[in-house]
Amino acid sequence: MSARIGDLLVKEGVITAAQLQQALDHQKKNGGRLGSCLVKLQFVSEEDVTTFLSRQYGVPSINLSYFDLDPAVAKLIPEDTARRYEVLPLSRVGSSLTIAMTDPTNVFAMDDIKFMTGFNIEPVVASEAAIAEALKKLYGSAEDSVKNMMAELENAEDTALEMEADEEQLSMEALENAADEAPVVKLVNVILTEIVRRGGSDIHMEPYEKEYRVRYRIDGELQTIMNPPMKLRDAIISRIKIMSKLDISEKRLPQDGRIMLKMTMDGRKKQLDYRVSILPTLWGEKVCIRLLDKENLRLDMTKLGFEPESLEKFQAAVLKPYGMVLVTGPTGSGKTNTLYSSIALLNKPNTNIVTAEDPVEFQLPGINQVQMRDNIGLNFAAALRSFLRQDPNIILVGEIRDFETAEIAIKAALTGHLVLSTLHTNDAPSTISRLMNMGIEPFLVATSVHLICAQRLIRRICSNCKVEDPHSPEALIQLGFTPEESKTVKIYKGAGCEVCRGSGTKGRVGLYEVLAITDELRELILVGASSLEIRRKAVEQGVITLRRSGLRKIMDGAANIEEVVKETVL
């Protein structure tokens, strides 16, 4: 609590200037918040400070002894964050989270929690002693918390892991020895295995000036998992580098590597592949690890979330003997999964399939997969040229990034090969404009491209806590529902439970906009029509847009309105 609070208490006549100075001296000597020091010196009571803050800042106060805590809501904020900021999550209504705070002027705490949870924060004031007591009831004492963490690390030793790590002698012996110490090894093992249990996709290990943060991306959203001690930062990074066969002495340049693990989970052996990226930042090296779990790769196209008519168009296009099929969308939208599902459908003994990927995310039997290596000149364009001499039936190009790659891919599509690839565009019609902006002639685009699929991934409503979420017909019409649909459709949301850890969502589902290039659309492309004109014609022909695909997911009870609005436009 800032000294300004003390000045305000003096101004209001709650304490004297001499008492304030005495409390400041006590704070300087013993630490703690100014309000707590005033209470310890018996100049004011906890209720006095709480009442004053409530009146001064227009924030309601609450007596926590009369409030029943909801464990599901409490889990929205990690224990370490709640203890660090002395806050307590009380209730969640819609997109608002009410938290009890000892200091409503702490905007840093509110911003951090808003960033962490994605909710709007509504603060109420409670006494420091009451929050401390509530945190103790919720999590146990701070000492218990440390013991629990150590117990978790001890249990991690029993996890069946076989690590393939580079054992060659390294120059930085001290750092290597620190990386091999039991606590660091156990902590890294916990971080790498816990993400599998939580169903996450990425690990972010981020150094800052005064803290070291570990976050998981679960169902597309980042969640803070733990804050390891700063003194372990370099040892943790070195351990990751050793496991991924990287140079632990290089701290100035980005590095990329892989970790292969075998673990036993629920009595079953799992083979896990982690893609490691290390980036030098202002306060040290940031580690980002992508988990590539084959069990999460869905190769059955009927289970990805395609609408039946869209799936029929997509499968018809990939079953053609030649032409180009493009999958577009931002990073993390599931493009790789869709492409792998396509080649799994086409993978037959009489078919030669070659892929150029950066990186190769999953190893598929019967497919000739090539890893790009820009440092030796093996890029997408060079790989494509070589592919054409390999007698391929189907070519998969990880991404079309430049004119050279686009030109070779289109020529391959025009000379009897089926070409599958990805682009980064907002929707299917704008992909046409993107290719032409790269320098591809309109007549080449019109004749080579057979289908474009734009996609997004949104969080699925948790089936365990799904409840109805009524909306007015007018609001639903504004979202894109027809007047008839707005009167009958039932809207759902997740209330939050143990299964979904209070988020109301569990798993993800895809939204798909599948644009098959018809003769009418080809004529528009040939005359250089804009993406807006192409979109208008596509909708006339019955194309399901990303927004419409989202509305269908809402009608099916698979998604909530917030997720669809966040990822699509009308």
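Let me begin with helix 17, whose buried residues are Ala428, Pro429, Ser430, Thr431, Ile432, Ser433, Leu435 and Met436. Please keep in mind throughout that what we are looking at is a predicted model. Helix 17 spans residues 428-437 and is mostly covered, since 8 of its 10 residues are buried. After this helix comes Gly439, a residue whose phi is positive, near 115°.

For those who are new to the structure, here is the wider setting. The protein chain contains 24 helices and 19 strands, and of its 570 residues, 49% are buried. If we take the contacts in the chain with a separation of 6 or more, 64% of them are between residues 24 or more positions apart.

I would now like to turn to a pair of helices. In general, two packed helices are described by the angle between their axes and by the distance between those axes. Here, helix 21, covering residues 519-526, packs with helix 22, covering residues 531-540, at an angle of about 170°, and their axes are 10 Å apart. Because angles over 145 degrees count as roughly antiparallel, helix 21 is roughly antiparallel to helix 22.

Which residues in the two helices meet? From helix 21 they are Glu520, Leu521, Leu524 and Ile525, and from helix 22 they are Glu533, Ile534, Lys537 and Ala538. Sorted by class, this contact of helix 21 with helix 22 has 5 nonpolar residues and 3 charged ones, with no polar residues.

Key. Residues numbered from 1 in each chain as written. Predicted model: local features only at pLDDT ≥ 70, side-chain atom pairs only at ≥ 80, totals over all residues. Heavy atoms only, no water. Buried < 20%, exposed > 50% of the residue type's maximum accessible area, 1.4 Å probe, protein only. Helix = DSSP H or I, 4+ residues; strand = E, 2+ residues; numbered from the N terminus. Contact = heavy atoms within 4.5 Å. Axes fitted to C-alpha atoms, helices over the stretch in contact; angles between N-to-C directions. Parallel < 35°, antiparallel > 145°, perpendicular 65-115°, else oblique. Nonpolar A, V, L, I, M, F, W, Y, C, P; charged D, E, K, R; others polar.
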